[in-house]
Amino acid sequence: MNAESLGNVQVLGSNLSNVLHAFGNFELLASRIMLDEGLGTESRQGVVQFEKDQWYPVTRWLAALGRVGREYGEFVLGQAGLAAPKNAVFPPFVTNVDSALNSLDVAYHMNHALHGVPMFSPDTGKMLEGIGHYAYVRTPGQKQGVLECDTPYPCPFDSHLIQAVAQRFESTASVVHDTTRPCRKRGGSSCTYLVKWA
């Protein structure tokens, strides 16, 4: 996925607000990056503000995350990923770790839009393409599964987002990158994560 193919894709403002708050003491620095990338508006205190129901260009958001990763490291990107699903919209049928991970792709598409139209409609079940997917498969007979991800988001952001979603329903859940598979940090088109819980 490149910036040109994502040019008409947007991300929901409530997600950007969640991630901003994850920066804690670095909130002003993260705000500066987001404002430099043309996201949100600046408050009197210098903190970026987002309208929670407004759509923002995903290319600018990805550029901001890229800068955060380069300037502050993968740990901070991971913290942002942990915060992303805090108030994300999830379908009503999500009640446990399996349904959460199975629905991650739907929730992801509900929180992104193409030309201002959400990329998943719960009313019609129609999903629009263009931002990649989260594909989860439960390992039969075990408390674990495999999740392959080919979104444009940075690997550390995605792995921690997956962890946060899993831990919403199973506090013991852990996520490990499958190092035997391709990784977007190493030029691959996707990353594969092993999700386990007790």
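Predicted model: local features only at pLDDT ≥ 70, side-chain atom pairs only at ≥ 80, totals over all residues.
Residues are numbered from 1 along each chain as its sequence is written, and side-chain values use heavy atoms, leaving out hydrogens and water.

Now widen the selection to residues 97-110, the whole of H5. Helices here are DSSP runs of H or I with at least four residues, strands are runs of E with at least two, and both are numbered from the N terminus. How many of the 14 residues of H5 are buried? The count is 13, where buried means under 20% relative accessible area, exposed over 50%, and partly exposed in between (1.4 Å probe, protein chains only).

Next, go to the start of H5 and show Asn 96: one of its side-chain oxygens comes within 3.1 Å of the backbone nitrogen of Asp 98.

Then select H1 (residues 13-22) together with H4 (residues 74-83), which pack at about 135 degrees with axes 8 Å apart. Axes are lines fitted to C-alpha atoms over the stretch in contact, and angles run from 0 to 180 degrees between N-to-C directions.

Finish at His 115, in the loop between strand S5 (112-114) and strand S6 (117-118). His 115 is not a glycine, yet its phi is positive, about 55 degrees. With 55% relative accessibility, His 115 counts as exposed.

How values were computed
Expected span 1.5 Å × (residues − 1). Polar contact = N/O pair within 3.5 Å; in protein donor to acceptor, adjacent residues only side chain to side chain.
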